[in-house]
Amino acid sequence: MIVLFLMMIKSVVPKTNIDKINLTPVSTTKFTDVIGQDEILEDLKYITMLLKNPSLGDEIGVDVPRGILFNGPPGTGKTLIAKAIAGEAG
């Protein structure tokens, strides 16, 4: 019974070519796109510098951040800032 069920699912599910799927989209958002967040721009540049070159953090005893939590009401640009960090860090 289970074998028949698996065969039916296999025939219904379309086959996709994994090579054609882009699993890592590149963000094109930069810090120049973030307007009105001047007070945190220096911190973001420092974090981006650490992400680009982790050895700089080792020299001064700072670990590379594994994640950043943004807190605030909706519409304040949290997602835009995260995209800008990803775009600048590559």
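Trainee: Let's start with T29. Is T29 buried or exposed?

Mentor: T29 counts as buried, because its relative accessibility is 14% and buried means under 20%. Keep in mind that this is a predicted model.

Trainee: Where is the place of T29 in the chain?

Mentor: T29 sits in a loop, the one that runs between α1 and α2.

Trainee: Leaving aside its neighbours within four places in sequence, which residues is T29 in contact with?

Mentor: There are L80, K83, A84, G87 and E88. Look at A84 from its own side too. Not counting residues up to four places away in sequence, A84 touches T29, K30, F31 and V34.

Trainee: Let me step back. How many helices and strands are there in the chain?

Mentor: The chain has four helices and zero strands. Read from the N terminus, the order is α-α-α-α.

Trainee: And how far can I trust the model? What is the mean pLDDT of the chain?

Mentor: The mean is 77. Of the residues, 72% reach 70 or more.

Trainee: Where is confidence lowest, and where is it highest?

Mentor: Helix α1, residues 2–12, has the lowest confidence, with a mean of 64. Helix α4 has the highest, at 85.

Trainee: On to the inside. Which residues make up the largest nonpolar core?

Mentor: That core has seven: F31, V34, L41, L44, I81, A84 and I85. Two elements each give two or more residues to this core, namely α2 and α4 (78–89). Helix α4 gives the most, with three residues.

Trainee: How much of the chain counts as buried?

Mentor: Of its 90 residues, 16% count as buried.

Trainee: Which residues form a nonpolar patch on the surface?

Mentor: Y46, M49 and I60 form one. Together they have about 280 Å² of accessible area.

Trainee: Take Y46. Which helix does Y46 lie in?

Mentor: Y46 is in helix α2, which covers residues 38–52. With a relative accessible area of 34%, Y46 is partly exposed. Why not simply exposed? Because 34% is between the cut-offs: under 20% is buried and over 50% is exposed.

Trainee: T48 lies in helix α2 as well. Is T48 buried or exposed?

Mentor: T48 is buried, because its relative accessibility is 4%.

Trainee: What does T48 touch, not counting residues up to four places away in sequence?

Mentor: T48 touches F31, I85, E88 and A89. F31 and I85 are also members of the largest nonpolar core.

Trainee: What separates the C-alpha atoms of D63 and L50?

Mentor: They are separated by 8.6 Å, and the residues are 13 apart along the chain.

Trainee: Last one, A86. What is the relative accessible area of A86?

Mentor: It is 41%, so A86 is partly exposed. The place of A86 is in helix α4. Along the chain, A86 and L51 are 35 residues apart, and their C-alpha atoms are separated by 9.3 Å.

Methods:
Residues are numbered from 1 along each chain as its sequence is written. This is a predicted model: local features need pLDDT of at least 70, side-chain atom pairs count only at pLDDT 80 or more; totals for chains, interfaces and linings use all residues. Side-chain values use heavy atoms; hydrogens and water are left out. Patches are made of residues with over 30% relative accessible area and no salt bridge: like charges are joined within 9 Å, nonpolar side chains (Val, Leu, Ile, Met, Phe, Trp, Tyr) within 5 Å. Accessible areas come from the Shrake-Rupley method with a 1.4 Å probe; for residues, only the protein chains shown count as cover. A salt bridge is a side-chain nitrogen of Lys or Arg within 4 Å of a carboxyl oxygen of Asp or Glu. Buried means under 20% relative accessible area, exposed over 50%, partly exposed in between (1.4 Å probe, protein chains only). A nonpolar core is a set of buried Ala, Val, Leu, Ile, Met, Phe, Trp, Tyr and Cys residues joined through side-chain atoms within 4.5 Å. Contact means heavy atoms within 4.5 Å. pLDDT is the predictor's confidence in each residue, from 0 to 100.
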